[in-house]
Structure formats: structure tokens, C-alpha cells
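Here are my notes on the model. They take the core and the sheet in turn, then the ring contacts.

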Amino acid sequence: MIEIIVVSHGTLSESLVKSAELIAGEVDNVKAFGLHAGDDIDKFKAIIEEAIKKGTEESSVLVLTDLMYGTPFNVVSSLMDKYKFHHITGINLPIYLEIVTSRKIMGIDELCKTIKEIGPTSFVYINEII
């Protein structure tokens, strides 16, 4: 099984997981962490590192972050030399749903490749269609 760790600013990660559960039902092997104003970055990094470390001991790990070059992204990226895991940034609800439903039928490499390919389809400018 692929373990998913969602890391974001504020409550986005927790809200993303809960919103997806309204649509797809309960999802196992998912952890969500949010960085809030005033949080200690070193403590936040230690929490994320522990989740990644534990996850990589048991299965494949996919870490999802909200914003490229934001603090959550930078914290996760700083751990990529130390642990073997996959990291996708720019997460949104359609892509998250695709990940949690497809991970049951795909390996992690195939899943990441698929997400990269379909990612742009999660954003649609409706005025061009209507």
C-alpha cells in the first residue's frame, strides 16, 4: 500500500482529506499536517520527518504539498536526501481523489507518472467552454 502524507499551510491538508472522504468514503494510510502562524519550523520538520521515516519503514510514501517553494514544500524537500519517498506539489481535491482511488491499482512510480500527466486537467477555465 502507498502511504500518503499531506503537508500544507494552515488547515488545507486536513480539510482536503476530510472533503475527499465526503466524496470517496474513509481513506486509510493518510496523514495530514498543517503549518500554522507562529509554529516552530524545527518542530514542524521533526513531526514531518517522523511520519516520513515511519512510513518508509513500512511501505512506499507519497508526500503531497500545497505550494511549490512554500515552507511546507521546503521542509519536505529538505528531507528528500535522507529518505526515499515521492513528492508532488500543487495538490488539489481532484488530484487528491485520483491519488487515493488509484493507489490501490497502481504502484507508486506509475501513480506519480499518471498524476503528472492528468494534473493539468484539474484546472479548467469555464468561460472558454460556455
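Which residues have the most contacts inside the largest nonpolar core?

1. Basis. This is a predicted model: local features need pLDDT of at least 70, side-chain atom pairs count only at pLDDT 80 or more, and totals for chains, interfaces and linings use all residues. Residues are numbered from 1 along each chain as its sequence is written, and side-chain values use heavy atoms, with hydrogens and water left out.

2. Main core. Leu62, Leu64, Tyr96 and Ile99 have the most contacts inside the largest nonpolar core, which counts 21 residues. A nonpolar core is a set of buried Ala, Val, Leu, Ile, Met, Phe, Trp, Tyr and Cys residues joined through side-chain atoms within 4.5 Å. Buried means under 20% relative accessible area, exposed over 50%, and partly exposed in between (1.4 Å probe, protein chains only).

3. Contributors. Two or more residues each come from strand 1 (2-9), helix 1 (12-24), strand 3 (60-65), helix 4 (93-102) and helix 5 (108-118). Helix 4 gives the most, with five residues. Helices (H or I, at least four residues) and strands (E, at least two) are DSSP runs, numbered from the N terminus.

4. Leu62. Leaving out residues up to four places away in sequence, Leu62 touches residues including Ile4, His87, Ile99 and Leu111. Contact means heavy atoms within 4.5 Å.

5. Four strands form an open sheet in the order 2-1-3-4, with parallel pairing. Two strands pair if DSSP finds at least two bridges between them. Strand 2 (30-35) and strand 4 (86-89) are the edges, each pairing on one side only. Neighbouring strands are turned by 20 degrees against each other on average, direction ignored.

6. Strands 3 and 4. Four bridges join this parallel pair. Leu64 stands opposite Ile88 in strand 4.

7. Helix packing. Helix 3 (residues 71-78) touches strands 1, 2, 3 and 4, at about 140 degrees to the direction of strand 1. Helix 4 touches strand 1, strand 2 and strand 3, at about 165 degrees to strand 1. Axes are lines fitted to C-alpha atoms, for helices over the stretch in contact, and angles run from 0 to 180 degrees between N-to-C directions.

8. Rings. There is one aromatic pair. Tyr69 and Phe73 have ring centres 5.4 Å apart and planes at 70 degrees, so the pair is edge-to-face. Rings of Phe, Tyr and Trp (its six-membered ring) pair if their centres lie within 6.5 Å; planes under 30 degrees apart count as stacked, over 60 as edge-to-face and the rest as tilted. Tyr69 is exposed at 61% relative accessible area, whereas Phe73 is buried at 12%.
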